[in-house]
Amino acid sequence: MAVAKVLTIAGSDSGGGAGIQADLKTFQELDTYGMSAITAITAQNTLGVQSIYPVQPEVLREQLESVLSDIGADVVKTGMLVSAEHIQVITEMLSKYAVKQVVIDPVLGSTSGSELTKKEAISELIHTLWPMATVVTPNLIEAARVLSCPPIETVEAMEEATYRLHELGSANVLLKGGHLPGDESVDLLYDGKTLHHFTQKRLNGTSTHGTGCTFASAIAAELAKGSSMYDAVQTAKTFITCSIKEGLAIGEGIGPVFHSAYRRRR
Ligand SMILES: Nc1ncnc2c1ncn2[C@@H]1O[C@H](COP(=O)(O)OP(=O)(O)OP(=O)(O)O)[C@@H](O)[C@H]1O
Ligand SMILES: Cc1ncc(COP(=O)(O)O)c(N)n1
């Protein structure tokens, strides 16, 4: 049986809501074959990130070499990148194996406030990996940090930021508005020509741990199956909206989204 293959390069979240675990669950729910290369092991739960143990860049390189030299990937998706050295390994391996589609979720920190990618690595990310992306999926905080601009708090400021982010060289920009003040969550997709708005009434669910990882992974899975960028984002939007609506009230802190909710929807 032919199957679309998706590789995530990200950190492990022991709590299972974000990172590698969220990515693999999402790939599976969308009928693709998921693989992983781990950048760091985090001890993490719904209350926050207790500790972070980066893997050596060489260990990351070996995982990528093993997977890409044998199985290959229709799409590679990245999350927590840790450091400039890890980013250098990733760009080198994506070039070596001529990976055609790359989804970059520029995870800089966790919602609970822990730094997941070092500040000094942002410039490496922007100058090397970012221009290789089929699509980048920053949230509003990440976008403001990458652009060194004031907080993005309106749809107009989001539009302006999207145009500026596109100048950094990715084929598409998907700016996520989950943190936008107001009663709508607006995401913008820009391919250098057309700007699309994906608007969703803000859901009140409090189990939102892993929304960003899950959303980017759903886009990656749909692209791997051959969808256009617009259709991939449309399906990913439905996937994340269902997952937030059915978010899980587990743990003492911010619960995870429910990755099976899209499959179980009526
Ligand atoms: N309360 C909400 N209601 C509806 N959609 C939401 C809500 N929060 C996030 N989303 C959607 O979830 C997706 C992820 O967006 P968000 O801006 O939360 O990413 P993120 O900040 O990277 O996620 P994370 O919280 O995992 O770090 C986007 O499509 C966004 O519109
Ligand atoms: C390993 C890993 N990757 C990404 C996130 C971001 O997810 P969130 O912002 O929902 O905490 C995380 N907490 N942990």
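At what angle do the axes of helix α3 (residues 84-96) and helix α4 (residues 122-129) cross, and within what distance do they come? They cross at roughly 15 degrees and come within 9 Å. The model is a predicted one, in which local features need pLDDT of at least 70, side-chain atom pairs count only at pLDDT 80 or more, and totals for chains, interfaces and linings use all residues. Residues are numbered from 1 along each chain as its sequence is written, while chains are lettered from A and ligands numbered from 1 in the order in which they are written.

**Overall architecture**

- The protein contains 8 helices and 9 strands; helices (H or I, at least four residues) and strands (E, at least two) are DSSP runs numbered from the N terminus.
- Its radius of gyration is 17 Å, close to the 18 Å that the globule rule gives for 266 residues, so the protein is as compact as a globular protein of that length. The radius is taken over C-alpha atoms, and the rule is 2.2 Å times the number of residues to the power 0.38.
- Taken along the principal axes, the box filled by the C-alpha atoms is roughly 45 × 40 × 40 Å.

**Sheet**

- The 9 strands of an open sheet follow the order β3-β2-β1-β4-β5-β6-β7-β8-β9, with mixed pairing; two strands pair if DSSP finds at least two bridges between them.
- The edge strands, β3 (48-54) and β9 (195-201), each pair on one side only.
- Strand β4 (residues 75-78) pairs with strand β5 (residues 101-104) in the parallel sense over 4 bridges, and Thr78 stands opposite Ile104 in β5.
- Helix α1 (residues 19-29) lies across β1 (5-13), β2 (33-45) and β4, and runs at about 150 degrees to β1. Axes are lines fitted to C-alpha atoms, for helices over the stretch in contact, and angles run from 0 to 180 degrees between N-to-C directions.

- The crossing angle of α3 and α4 makes the two helices roughly parallel (angles under 35 degrees).
- In α3, Ala84, Ile87, Gln88, Ile90 and Thr91 meet Glu124, Leu125, Thr128 and Leu129 of α4; contact requires C-beta atoms, placed from the backbone, within 7 Å.
- Helix α2 (residues 57-70) packs against α3 at an angle of about 20 degrees, with the axes 9 Å apart, which means that α2 is also roughly parallel to α3.
- Pro57, Leu60, Arg61, Leu64, Glu65 and Leu68 of α2 make this contact with Glu85, His86, Val89 and Met93 of α3.

Methods. Parallel < 35°, antiparallel > 145°, perpendicular 65-115°, else oblique. Contact = placed C-beta atoms within 7 Å.
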